[in-house]
Amino acid sequence: MPVTAVVGAQWGDEGKGRIVDWLAQHADMVIRFQGGDNAGHTVVNQHGKFALHMVPSGVFNPVAKCIVGAGCVVNPDNLLEELAQVEAAGVPTGNLFLSERAHVVMPYHPVLDALQEASRSGKEQIGTTKRGIGPAYADKAARWGIRLGDLRHPDWLRERLENVLPRKNREIEELGGAPMMLEELLDRARGWQERLGRRVVDTLPMVQHAVGTDRSVLLEGQLGVMRDLDWGTYPYVTSSNPVAAFAAIGAGMPPTALKHVIGVVKAYATSVGAGPFPSELDDEVGEQLRTIGHEYGATTGRKRRCGWFDAVALRYAAWLNGFTSIAITKLDVLDTFDEIKICTGYKCGDQVYTHVPDTRTYEECEPIYEHWPGWKASTREARTWDELPKGARLYLRRLSELVGVKVAFISVGAEREELIVM
Ligand code: GDP
Ligand code: IMO
Ligand code: MG
């Protein structure tokens, strides 16, 4: 497959890591194009079970080059810890490179993230992962950011931090936190350079070569469109763009290089953090989805909010991303339900919406449902379309029809091989 973006089609945690791990078996390059270690991408394969935060899910293919692209923000300490965990499982990481243009999540960013969240009252709270993602991207946009490439120029880094740190410390102290010391930060930066420096390169020639010679390149997104900075449920969003258009920017290639866009979508819906989620189930059915689907955050361990599949949100995702196909995950989680619902519209006052409205209106929306009988049989062992129970096939066909995109993969378990390739 030429250049393929694999992106989240809902509120995140759709199973992107699982799909990228499978596709990466035959990929030459896998690039994370946005976000930071707020991601929790679960991969279960012959090496074990991993919750990857920053390392691309292609790391298990020893010959694939893995790149953390310019669109990402990188916490060096957390990345080093993650690399050590992956290596301890016997997985080589020598093929992992970091763009010198990617921004550093500096130690003051998670501190500010936590202090800013604490200072927000009630509904203003976003429920961030407290990984410093928002403050790091804010500094990038405001041109106060430190980039990985800056770490190899100690004088330049000192000069930049002498300017930046007093501003950061003013905000930290104003919010009740303890200021950080310049020399300590410079010390830590020296350590990062020593341990990560050889991986920090200009990744563009590698990407150009791979695309130019028609290699199989995967672009791995973080989170999902409903948390996109521009198109998600602002302000309850992340601070980057998980949509496929940003894959080209974050990885460093022209948009015309992208040939396939796979939207990863759960057979139902989940969301972590605040903000509108009309098909959310605040009852025992939601609890059942959470228990059977083990819906707890891979990064924060928080309970994920659970609900029915939202076809309106999915159509929105399909348009914004230009899905050429979708991968439906966690079908097996629905195996025991008597009835399954699909949200096909929203009711807001006396108005009916068949598109996603902006946040304030979205918060008031009530779901309109289609009702489907459950298939009450295990899908777990199915490896072909025909092996799926008839009810499951009807449900999947309906999802595909409502979204207007063909299904390329159906995942029926967390393990690599528990997959139906259409
Ligand atoms: P990501 O952030 O999009 O990579 O998704 P997460 O890893 O955060 O969440 C997906 C969760 O579902 C993980 O615990 C996966 O191991 C698990 N998972 C993925 N696909 C399937 C599936 O088809 N069936 C089941 N039961 N679990 C799955
Ligand atoms: P993956 O890649 C689910 C959510 C947070 C919060 C909002 C902003 O595993 O799908 P941030 O820390 O980014 O400033 O938080 O986004 N969030 C995620 N939810 N999966 C993730 O990553 C997430 N990364 C951030 O809960 O609502
Ligand atoms: Mg996740």
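**Close-up views of a predicted model**

**View 1. Polar contacts of ligand 2.** In this predicted model, asparagine 38 places a polar side-chain atom 2.9 Å from an oxygen atom of ligand 2. A polar side-chain atom of lysine 16 is found 2.8 Å from an oxygen atom of ligand 2, and a backbone N or O atom of glycine 40 is 2.9 Å from one. The protein buries 98% of the 550 Å² that ligand 2 exposes when taken alone (Shrake-Rupley accessible areas, 1.4 Å probe).

**View 2**

**View 3. The magnesium ion (ligand 3).** Its protein donors are Asp13 (OD) and Gly40 (O), at 2.0 to 2.1 Å (donors are N, O and S atoms within 2.8 Å of the metal, or 3.2 Å for Na, K and Ca; water is not among the atoms, so sites may look incomplete). Aspartate 13 belongs to the loop between strand S1 (4-8) and helix H1 (16-23), and glycine 40 to the loop between strand S2 (29-32) and strand S3 (41-45), so the pair ties together parts 27 residues apart in sequence. Helices (H or I, at least four residues) and strands (E, at least two) are DSSP runs, numbered from the N terminus. Aspartate 13 is partly exposed at 22% relative accessibility, whereas glycine 40 is buried at 11% (buried, under 20% relative accessible area; exposed, over 50%; partly exposed, in between; 1.4 Å probe, protein chains only).

**View 4. Tryptophan 11 and phenylalanine 277.** The whole structure contains 6 aromatic pairs (Phe, Tyr and six-membered Trp rings with centres within 6.5 Å; planes under 30 degrees apart are stacked, over 60 edge-to-face, the rest tilted). One of them, tilted, joins tryptophan 11 to phenylalanine 277 at 4.8 Å centre to centre, with 45° between the planes. These residues are 266 apart in the chain, and both are buried.

**View 5. Tryptophan 308 and phenylalanine 337.** With centres 6.0 Å apart and planes at 75°, this pair is edge-to-face. Tryptophan 308 and phenylalanine 337 are both buried.

**Notes.** Residues are numbered from 1 along each chain as its sequence is written, chains are lettered from A and ligands numbered from 1 in the order written. Local features need pLDDT of at least 70 and side-chain atom pairs pLDDT 80 or more, while totals for chains, interfaces and linings use all residues; side-chain values use heavy atoms, without hydrogens and water.

Note on methods: A polar contact is a pair of N or O atoms within 3.5 Å; within protein, one must be able to donate a hydrogen and the other to accept it, and residues adjacent in sequence count only if both atoms are side-chain atoms.
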